[in-house]
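Let's take a walk through a protein chain together. Have a look at the picture first, then read on.

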Amino acid sequence: MIDITQPDALEDVDDDTVAQINAAGMTSGDDEIETLRAERDDMRDRFMRALADAENSRKRSDRDRREAEQYGGSKLARDMLPVYDNLRRALDAATDEQRAKASALLEGVELTLRELLNVFGKHGIEPVVPEVGDAFDPQLHQAMFEAPLPETKAGDIIQVMTEGFLLHDRLLRPAQVGVSSNTG
């Protein structure tokens, strides 16, 4: 038997012996090196993909954490909007006579409304307050009705029913408005 670990052992080996060695499951050094290179390349490819997956997961979790931090309270904020609406309606409904008689009560309602707006502001909730005459923006407003009104253009806001709100850059609730339908 030939000891292939010796440097000069393969010099006198003929082609039939090499074929027998290969047939017996032994490979030459070049084949083994190529096999190891292929294995190394495969492992490097797997490693790079795993590294990229880990980086993508980190970025995704950072984005999810930021979104949860900014928008996690949107359900509570949406539930608080009717409280704001009711306080606003209470102040708007008070007549001058009622304001004179119950000034302390109305002042308390105004302070409560102001504090609610301060809390909203701390948490990134900003009102969307369209004015009569502004152009209708479907990204911020919800048209509740259309009516032809003299001296207005089609698409102008002619009445504001409720204010809208943004939570950071997302619409929490659109402002409810009436829109002019003039065609000329």
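Predicted model: local features only at pLDDT ≥ 70, side-chain atom pairs only at ≥ 80, totals over all residues.

What pattern does the chain follow, read along the sequence? It goes α-α-α-α-α-β-β-β-β-β-β.

Residues are numbered from 1 along each chain as its sequence is written, and side-chain values use heavy atoms, with hydrogens and water left out.

The chain has 5 helices and 6 strands. Both are DSSP runs numbered from the N terminus: helices are H or I with at least four residues, strands are E with at least two. Of the 184 residues, 20% are buried. Buried means under 20% relative accessible area, exposed means over 50%, and partly exposed is in between (1.4 Å probe, protein chains only).

## The nonpolar core

The largest nonpolar core has 16 residues, and Tyr-84, Phe-120, Ile-125, Phe-165 and Leu-172 touch the most other members. Helix H3 (74-93), helix H5 (103-122) and strand S4 (164-167) each supply at least two residues of this core. Such a core is a set of buried Ala, Val, Leu, Ile, Met, Phe, Trp, Tyr and Cys residues joined through side-chain atoms within 4.5 Å. In soluble globular proteins, nonpolar side chains tend to be buried together.

Take Leu-172: leaving out residues up to four places away in sequence, its contacts (heavy atoms within 4.5 Å) include Ser-74, Leu-81, Ile-125 and Phe-165.

## Helix H3

Buried residues of H3 include Ser-74, Tyr-84 and Asp-85. The helix's buried residues pack against H2, helix H4 (96-101), H5, strand S1 (125-128), S4 and strand S5 (170-173).

Is Thr-162 buried or exposed? Thr-162 counts as buried because its relative accessibility is 13%. This residue lies in strand S3 (residues 157-162), and it touches Arg-89, Arg-173, Ala-175 and Gln-176, not counting residues up to four places away in sequence.

Leu-51, in helix H2 (residues 29-71), is partly exposed, with a relative accessible area of 46%.
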